[in-house]
Amino acid sequence: MTSYTATAPGKIILFGEHAVVYGQPALAVPVHKVQASAMVTPCPENSGLIIESSSLNLRLALAEAATHALVVTAQLVLEKLKEPEPDALITIQSTIPIAGGLGSGAAVSAALARALSGYLGHPLDPADLSALVYEIEKLHHGTPSGIDNTVVCYGQPVYFVRDTPPEVFRVGKPFHLLIADTGVASLTHIAVGGVRERWQSAPQKYTALFADIGQIARQAREAIETGNIAAIGPLMTNNQSLLRRIGVSSDEIERLIEAAEQAGAEGTKLSGGGIGGNVIVLAAPEHTERISEALRQAGAVRIIHTLVT
Ligand code: PMV
């Protein structure tokens with residue numbers, strides 16, 4: 001058998017996070033500048049399957065760590081392909097920041113499943129890969145909508161509605177985004193749990209807020225597809241007001257948003273679970289440097305500049 005390598009990108013949610021859990025549409029795009037990769041190499045007979053990662057600081061034997069998410073990923077691949085455990089080493093590397101809402105967990109599982117299935121001669125297609133990674137997402141946080149695994153496995157911009165097949169959409173005109181990390185870990189399941197509690201105690205109010213977010217996501221899809229970049233910024237800012245109202249912003253997020261706006265951002269919002277994690281900023285190309293500097297001054301610990309295409 002010969003070695004096999006596969007990758008999966010990071011991701012950000014552009015519009016619709018949280019409301020997507022309640023059936024509203026959301027838009028997410030891959031961030032190819034950061035990625036997870038997995039390489040499978042053959043090992044001598046009776047070695048079993050080993051998963052190793054220096055960047056994640058782990059070494060797991062399939063037989064000994066049955067509940068670890070990466071081991072479960074490998075096991076699901078073997079079950080799906082009806083293959084026995086191979087004698088092989090899977091080496092994982094990732095440049096995707098952990099707990100930043102950039103889809104690190106989903107991307108690592110996707111890269112592993114893609115590499116292992118390819119090594120065994122049956123590379124999984126995006127839909128099967130995404131369904132498999134969704135099972136792992138459920139281990140991380142109980143009620144995921146499925147958007148993270150979808151965008152990471154398809155590697156293209158997706159318009160996502162829970163429990164329906166994802167729609168890949170095209171970007172009419174590329175636009176620049178700055179992804180600025182608050183440095184506060186984004187614990188998605190806590191943010192999602194908090195929203196659920198508030199929704200349960202005021203269902204009508206929250207259902208209406210989710211519907212407003214969904215409407216913004218639909219308008220944003222049209223703006224992005226038609227290359228109407230001028231419309232995207234205000235939609236981001238409106239989406240952020242609604243995210244504030246459902247209680248998932250934070251002082252750190254607001255500090256970065258204010259700094260970016262003062263430095264000339266076209267639109268700003270948190271991305272993903274919120275509370276911590278990343279803020280995304282739509283910036284005209286000539287202003288990206290100035291806005292990045294303002295974000296750093298306001299406490300951003302990492303800034304990724306990406307062109308959404
Ligand atoms: O925190 P992230 O980037 O993994 O995004 C979570 C997105 C939510 O809508 C908040 C939850 C979900 O499952 O869709």
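Helix H4 (residues 147-154) is mostly covered, with 7 of its 8 residues buried. Here buried means under 20% relative accessible area, exposed means over 50%, and partly exposed lies in between (1.4 Å probe, protein chains only). Helices (H or I, at least four residues) and strands (E, at least two) are DSSP runs, numbered from the N terminus. The buried residues of H4 are Ile-147, Asp-148, Asn-149, Thr-150, Val-151, Val-152 and Cys-153. Their cover includes strands E1, E2 and E6 as well as helices H2 and H3 (126-140), where contact means heavy atoms within 4.5 Å. Just after H4, Gly-155 takes a positive phi of about 65 degrees.

Before going on, a word on what you are looking at. This is a predicted model, in which local features need pLDDT of at least 70 and side-chain atom pairs count only at pLDDT 80 or more, while totals for chains, interfaces and linings use all residues. Residues are numbered from 1 along each chain as its sequence is written, and side-chain values use heavy atoms, with hydrogens and water left out.

Now turn to helix H5 (residues 188-201) and helix H6 (residues 203-225). Their axes come within 5 Å and cross at roughly 125 degrees; axes are lines fitted to C-alpha atoms, for helices over the stretch in contact, and angles run from 0 to 180 degrees between N-to-C directions. H5 and H6 are therefore oblique to each other, since angles under 35 degrees count as roughly parallel, over 145 as roughly antiparallel, 65 to 115 as roughly perpendicular and the rest as oblique. On the H5 side, Val-195, Arg-198, Trp-199, Gln-200 and Ser-201 meet Pro-203, Tyr-206, Thr-207 and Phe-210 of H6. These contact residues divide into 5 nonpolar, 3 polar and 1 charged (Ala, Val, Leu, Ile, Met, Phe, Trp, Tyr, Cys and Pro count as nonpolar, Asp, Glu, Lys and Arg as charged, and the others, Gly among them, as polar).

Some of those names return in the aromatic residues. The structure holds 3 aromatic pairs; rings of Phe, Tyr and Trp (its six-membered ring) pair if their centres lie within 6.5 Å, and planes under 30 degrees apart count as stacked, over 60 as edge-to-face and the rest as tilted. Tyr-22 and Phe-210 are stacked, because their ring centres are 4.3 Å apart and their planes at 15 degrees. This pair links distant parts of the chain, 188 residues apart: Tyr-22 sits in the loop between strand E1 (4-15) and strand E2 (26-42), and Phe-210 in H6. Phe-210 is buried at 2% relative accessibility. Phe-210 also pairs edge-to-face with Tyr-206, at 6.1 Å centre to centre and 65 degrees between the planes. Tyr-206 is buried too, with a relative accessible area of 4%. Being 4 residues apart in H6, Tyr-206 and Phe-210 are separated by about one helical turn. Together, Tyr-22, Trp-199, Tyr-206 and Phe-210 form one aromatic cluster.

Finally, have a look at two loops. Ala-99, in the loop between strand E5 (88-94) and helix H2 (104-119), has a positive phi of about 55 degrees although it is not a glycine. Ala-99 is partly exposed, at 35% relative accessibility. Asp-163, in the loop between strand E6 (158-160) and strand E7 (167-168), has a positive phi of about 65 degrees, and it is not a glycine either. Asp-163 is exposed, with a relative accessible area of 75%.
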